[in-house]
Amino acid sequence: NPILTMISDAMTLEGDYLEAASKASNATEKSDLEAKAEEQRKIKQKGQDMLQVCSKKYSAQMKVLRSA
């Protein structure tokens with residue numbers, strides 16, 4: 001499922017960036033890594049929103065099929 005892959009990849013990168021930020025040697029590097037983590041958090045949220053839409057769509061289709 002490409003949506004789940006997107007979420008999983010974003011979660012992994014977010015964690016990697018946050019870990020690297022915690023080990024950063026200067027404030028600029030830390031800030032840049034935290035910004036990259038935030039970008040991944042937004043991608044992850046977008047994927048979760050897409051997954052909700054997909055879930056509702058197929059849930060409604062299954063409801064129709066069960067009632068037929």
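**Exercise 1. What should the 21 residues of helix 1 (residues 2-22) span at 1.5 Å a residue, and how far apart are its end C-alpha atoms?**

Before starting, note that this is a predicted model in which local features need pLDDT of at least 70, side-chain atom pairs count only at pLDDT 80 or more, and totals for chains, interfaces and linings use all residues. Residues are numbered from 1 along each chain as its sequence is written, and side-chain values use heavy atoms, with hydrogens and water left out.

Step 1: get the helix limits. Helices are DSSP runs (H or I, at least four residues), numbered from the N terminus, and strands are runs of E with at least two residues.

Step 2: work out the expected span, which is 1.5 Å times one less than the number of residues. For helix 1 that gives 30 Å.

Step 3: compare. The end C-alpha atoms of helix 1 are 30 Å apart, so the two values agree.

Now try helix 2 (27-67). Its 41 residues should span 60 Å, and its end C-alpha atoms are 60 Å apart, which agrees too.

**Exercise 2. Find the residues that start each helix off.**

Step 1: look for polar contacts (N or O atoms within 3.5 Å; within protein, one must be able to donate a hydrogen and the other to accept it, and residues adjacent in sequence count only if both atoms are side-chain atoms).

Step 2: go to helix 1. N1 caps its N-terminal end, with a side-chain oxygen 2.8 Å from the backbone nitrogen of I3.

Step 3: go to the start of helix 2. There, a side-chain oxygen of N26 comes within 3.1 Å of the backbone nitrogen of T28.

**Exercise 3. Which residues of helix 1 are buried, and what covers them?**

Step 1: sort by relative accessible area: buried is under 20%, exposed is over 50%, and partly exposed lies in between (1.4 Å probe, protein chains only).

Step 2: list the buried ones. In helix 1 they are I3, I7, A10, E14 and A21. These cover an arc of only 65 degrees around the axis, taken from the directions from the helix axis to the C-beta atoms, which puts them on the same side of helix 1.

Step 3: find the cover by contact (heavy atoms within 4.5 Å). It includes helix 2.

Step 4: The buried residues of helix 2 are L33, A37, Q40, K44 and G47, and their cover includes helix 1.

**Exercise 4. Describe the pairing of E14 and K44.**

Step 1: E14 is in helix 1, and K44 is in helix 2.

Step 2: check burial. E14 is buried at 9% relative accessible area, and K44 counts as buried at 18%.

Step 3: list the neighbours, skipping those within four places in sequence. E14 touches A37, Q40, R41 and K44; K44 is in contact with I7, A10, M11 and E14.

Step 4: look at the side chains. A polar contact of 3.0 Å joins those of E14 and K44.
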